[in-house]
Amino acid sequence: MGYEDKTPRKLSGTSGIHSLQERSNIAEKIHIYNRKRLLERPKEEEKVMSAKAISEQTGKEFLYKHICTSAAVQNRFRYANRLVVKPDQLIKRRGKLGLVGVNLDLKGVREWLKSRFMKETTVGKAKGVLKNFLIEPFVPHKQEEEFYVCIYATREGDYVLFHHEGGVDVGDVDAKAKKLLIGVDEKISEDSVKKELLTHVPKDKKGALASFVVGLFNLYEDLFFTYLEINPLVVTKDGVYVLDMAAKIDATADYICKAKWGDVEFPPPFGREAYPEEAYIADLDAKSGASLKLTLLNPRGRIWTMVAGGGASVVYSDTICDLGGVNELANYGEYSGAPSEQQTYDYAKTILSLMTREKHPDGKVLIIGGSIANFTNVAATFKGIVRAIRDYQVPLKEHEVTIFVRRGGPNYQEGLRVMGEVGKTTGIPIHVFGTETHMTAIVGMALGHRPIPNQPPVAAHTANFLLNSSGSTSTPVSSRTASFSENRARLEGSPAKKVKTGAPIVKATNLFSKHTKSIVWGMQTRAVQGMLDFDYVCSRDEPSVAAMVYPFTGDHKQKYYWGHKEILIPVYKNMSDAMKKHPDVDVLINFASLRSAFDSTMETMQYPQIHTIAIIAEGIPEAHTRKIIKVADEKGVTIIGPATVGGIKPGCFKIGNTGGMLDNILASKLYRPGSVAYVSRSGGMSNELNNIISRTTDGVFEGVAIGGDRYPGSVFTDHVLRYQDTPGVKMIVVLGEIGGTEEYKICEAIKQGRITKPVVCWCIGTCATMFSSEVQFGHAGACASQASETAVAKNMALKEAGAFVPKSFDELGEIINICDERGQELIYAGMPITEVFKSEIGLGGTLGLLWFQRRLPRYACQFIEMCLMVTADHGPAVSGAHNTIVCARAGKDLISSLTSGLLTIGDRFGGALDAAAKQFSKAFDSSMLPMEFVNKMKKDGKLIMGIGHRVKSINNPDMRVQILKDFVKQHFPSTQLLDYALDVEKITTSKKPNLILNVDGFIGVAFVDLLRTCGGFTRDEADEFVEIGALNGIFVLGRSMGFIGHYLDQKRLKQGLYRHPWDDISYVLPEHMSM
């Protein structure tokens, strides 16, 4: 089909060399790839990060072998006399750096290599040795025959970029190039390529280019590329030439593409050598169900880390760099996913071996850190580390190594104990801390920035609260049954949820409740038992797990514990049977492996009763995840994951292993809801957030870990906007990270007023900008491809947008407060008191923070202050002022006198704000005409609250109302309810002049307009504030100022006991006395 010689080659300088001996010699000198390592690669399924860069040689081999196009793709090497030579080590802009030798003969190639081969070169901040080179035939061509083409993946599909002017001076292609988006599951066509991309291409080249681009895109899809750039792409009369290529493939698709890929070598970024120890750990990782990662940054450094968890490993690296340790940081790595004792031993001895090879004049530190684990057995992993420490105790002492440990999670108390014991028995200084210590505090201790406390860790909580203190074995709630399957008949009789045809798909705002029922896919007995234990301590009436699906056995029942009793949960072979027999289930927790998670999730979405799916597996190919996302959006299903531990709603529901064991559930107060909601990428860090939030606020309302992949099923804003629309959430916490741009959507939502609740946000990965070469962190999505994706840039943007951004993760807990004075600074709804004064929000703004838990617009703050001013006083004769005066003259103190006055406030005096707001809102919302409203109130014999005044009338207007009306009409976005009330006033004043809209009524209706239209509240939230009496609070606060004034007047005037005139008191005497 159009070109010759597609056989893939090791392009190691062999082409165009005149003799076999010369070819052999040059191939040996220019040893492009480590063939020994290639042969030693493990054959087992490897858990790898997606979007890994491949060499130019590998990319071209894939293209020449697998592309299908009618264009004549040229790959002729047999008769090339003129050559091109260039390093093939993931170096960008080689031409501009003088790293491409062009139009050389064989002798010229040798001369060019002499000054570069095995020489150290600086590229940007990275220094590295040039040792892998690519030699290709030189293609004579004209400048106008050079083109640029690039394909890259995004969440919504794949973009094809094309520019009719390629080459080294192509410039800003993002701004110049034509773009064509091919949506997920959509097909590309030559017609669309010609129409959208090739508008400036000469006619004689359009056909070949269109065919090539289509073939290239199909190759990109078939071989699971995530990025593919060719610049320049040369088109001559002889055909199409691929001169320079840069590419990334989705390494998680290895099990799909193995036959086409073969054994792919992923070269390290330029400036970082590939060490045998890294290969050893990668081999351990491939053979393990856990996750083991190691990257050596500076083998001579004095700061070494052994961190549990992908997110936690980034946080520790950030903190080390923040405290000035970037040049001494020796490694980046992580162990997670419940590795065994032996696997942890192998990992630990590798670290200890590396760090004890060269002495450092200041000694060395080893930070064994981690967040609070969800399911990893800390005791088992620590026993592996302890074995390694014992084996290396002599070199550790010789190199003056000090070890700092901080960890939490299942059995962590035992793990800390054995770690402390090995320090005592070996004489190695080991400082051990648990969950009572902030996660990164040990970094400051290790680097000398904070003192090392002497006291032992605080005793940890246990789960003994589960036990019935009376000694009875009965369950606390009488409705709990011994067998969940006994309720099947009732459950089968309940109707399944139905989706209205033609209705717009809207995802649920409330994902979980105390009645949520789920199906668990996979035989995850430990996770299910953990869910049931959580349900029990939260006093749920029934278990949250209705059934399990496991296709590798027949239908049966599995035994679990519900408190002290045994129950049976049905296990089905087929998903359809489980759905049919449990129609009240609306959540699926998918523990399927990375190979089967896609199919099982797609099958689940066929059932309309399911509105939430959690996908636990890590390593699902990105193309599959994007297909899941597309179907989920079409069906209104919320996806949590992939690569997640799940989420938790305290007191209601938890997904799988989220939240860890019961001692952590208790310690982090996850058995009852708080008012802070969070969303994180990392599962381990989500449990750390549970700990931080529980220690600094009233607790967690809901928390979700969306997963570490580049394209999580749901994104930050999906959950942040849910929390914004949930009345019980008062503060939102977001733990973002390097890579992607989703955090910028939060910035826009804050700026646009869509998010008005306090948002505390921190993006981890700030250390990445300090490294000289690119580091792939623990999560697949944790890698910045451009400056805007760095954690530093995103933190800055969030702060500028109005989010509360700490200086570091170390300070995250200090800023997560709800008007909590326990921190270093008083906090009002997340805003430090210093910021309250700096922003000049005034008393109205402060009231907005404290009453409504959000920052209100400037006009709203001014309106609140005006309401306080006009309600402050109405003379000494009104009920409240009179009571205050009487009490003051009776010799009572300020508080007693003020209370006496406040107690008169009600429907007849002052309390009409709430009542007026409710009456007018109900009439307006029910579309009742003003005249209908007046007639109905008259018929029912009820007063219209907020209408009428004893002194003021239509002819003698109340200037307070007029001042407020002028302001509201000028500044409020909408005044629908006020306009309605004014129409009512026209009717009532036509009957009697003093039946005006009084100041109480005006404030009541205007405040409803403010709550509904300022953009800071949902309709439900606005109605809730009216219902709970917030508007009367305005009158109470304002009038308190006046009452205090009257009290002070009486005290200053030294007034005596008050006696009211008899003739002003109406009373009824007995009939015989009145005659």
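Keep in mind that this is a predicted model. Although K1054 is not a glycine, its phi is positive, at about 55°. K1054 is exposed, with a relative accessible area of 71%.

N103 belongs to strand 3 (residues 101–104), and with a relative accessible area of 33% it is partly exposed.

Helix 7 itself covers residues 203–222, and its 20 residues reach 29 Å from first C-alpha to last, close to the 28 Å expected at 1.5 Å a residue. Its buried residues include L209, F212, V213, L216 and F217, along with K205.

Now for the cis peptide bonds. One joins N231 and P232, with omega about 0°, and P232 lies in strand 10 (residues 225–236). Another runs from G641 to P642, with omega near 0°; here P642 is in the loop between strand 25 (638–640) and strand 26 (647–649).

Finally, how do helix 33 and helix 35 pack? Helix 33 (residues 930–939) and helix 35 (residues 976–991) meet at an angle of about 55°, their axes 9 Å apart, so the two are oblique to each other. The crossing is right-handed. P930, M931, F933 and V934 of helix 33 make the contact with Y980, D983, V984, I987, T988 and K991 of helix 35. By class, this contact has 7 nonpolar, 1 polar and 2 charged residues.

Note on methods
Residues are numbered from 1 along each chain as its sequence is written. This is a predicted model: local features need pLDDT of at least 70, side-chain atom pairs count only at pLDDT 80 or more; totals for chains, interfaces and linings use all residues. Side-chain values use heavy atoms; hydrogens and water are left out. Helices (H or I, at least four residues) and strands (E, at least two) are DSSP runs, numbered from the N terminus. The expected span of a helix is 1.5 Å times one less than its number of residues. Buried means under 20% relative accessible area, exposed over 50%, partly exposed in between (1.4 Å probe, protein chains only). Axes are lines fitted to C-alpha atoms, for helices over the stretch in contact, and angles run from 0 to 180 degrees between N-to-C directions. Angles under 35 degrees count as roughly parallel, over 145 as roughly antiparallel, 65 to 115 as roughly perpendicular and the rest as oblique. A crossing is left-handed if the near helix is turned anticlockwise from the far one by less than a right angle, and right-handed if clockwise. Contact means heavy atoms within 4.5 Å. Ala, Val, Leu, Ile, Met, Phe, Trp, Tyr, Cys and Pro count as nonpolar, Asp, Glu, Lys and Arg as charged, and the others, Gly among them, as polar.
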